[in-house]
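Hi everyone, thanks for coming.

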Amino acid sequence: MIELKRVIATLAASLVGAAVLASPSAAADRAPHEPTRAGSRAEGGPAAPSSTATVTEGQVKEVAPGGVITYPSVTSCLTVTVRLADGGLIGAHASLFQVPGELRSDEILAAVEDRVGNRQVTAVQVKGAVGAWHPGYFVKAIESYGEGEQVPVTSGPDPDGLARTVSLGLGVSRALVTVEDIPDGDQVVS
């Protein structure tokens with residue numbers, strides 16, 4: 001009887017410990033650098049990606065092989081689409097200014113890299129308002145500059161600088177990254 005009580009107590013302690021470790025606040029304490037907003041790995045979890053996704057400003061989403069990503073209303077934004085070896089796509093919609101509740105521009109590449117994990121990347125396509133973007137916005141968002149700090153301003157399109165920054169941020173070869181200036185509107189990638 002005493003042994004049974006000890007087993008039940010041990011099991012109960014294990015279950016309580018597991019519940020505490022699985023709580024959102026404990027997860028945030030363990031990984032404060034991981035975004036937990038919409039479009040992050042926390043949203044998608046281990047579930048299989050769907051065949052279509054709409055990726056709005058500040059979001060990162062994935063579609064299954066053969067799937068389609070739609071980026072609506074790309075005006076001053078950049079989109080980053082990672083093509084995986086299995087045919088799947090991971091898409092990010094980087095905004096010059098943070099949309100409340102979504103990722104800032106300096107959080108986007110880390111969220112994409114986290115989503116890619118150990119999977120092989122065959123190409124990375126950066127498209128959108130190339131002339132509006134300083135490569136440094138992927139490293140330090142405009143909102144991150146304090147009073148008196150100089151926010152870098154583009155002096156014109158810098159596709160090579162953007163490609164270098166994206167390749168470094170994703171940990172992929174520069175040769176895999178292409179940059180294309182696309183007029184305003186929706187982007188559809190398949």
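Predicted model: local features only at pLDDT ≥ 70, side-chain atom pairs only at ≥ 80, totals over all residues.

**A walk around Val124**

The chain has an average pLDDT of 82, and 75% of the residues reach at least 70; pLDDT is the predictor's confidence in each residue, from 0 to 100.

Please be careful with residues 1-46, where pLDDT stays under 50.

Now, where does Val124 sit? Its place is in strand E5; helices (H or I, at least four residues) and strands (E, at least two) are DSSP runs, numbered from the N terminus. Val124 is buried, at 0% relative accessible area; buried means under 20%, exposed over 50%, partly exposed in between, with a 1.4 Å probe and protein chains only.

Across in E6, the bridge partner of Val124 is Val177. These two are 53 residues apart along the chain, yet their C-alpha atoms are separated by 4.7 Å.

Val124 also belongs to the largest nonpolar core, which has 29 residues. Such a core is a set of buried Ala, Val, Leu, Ile, Met, Phe, Trp, Tyr and Cys residues joined through side-chain atoms within 4.5 Å. Helix H4 gives the most to this core, with five residues.

Methods:
Residues numbered from 1 in each chain as written. Heavy atoms only, no water. Contact = heavy atoms within 4.5 Å. Pairing = 2+ DSSP bridges.
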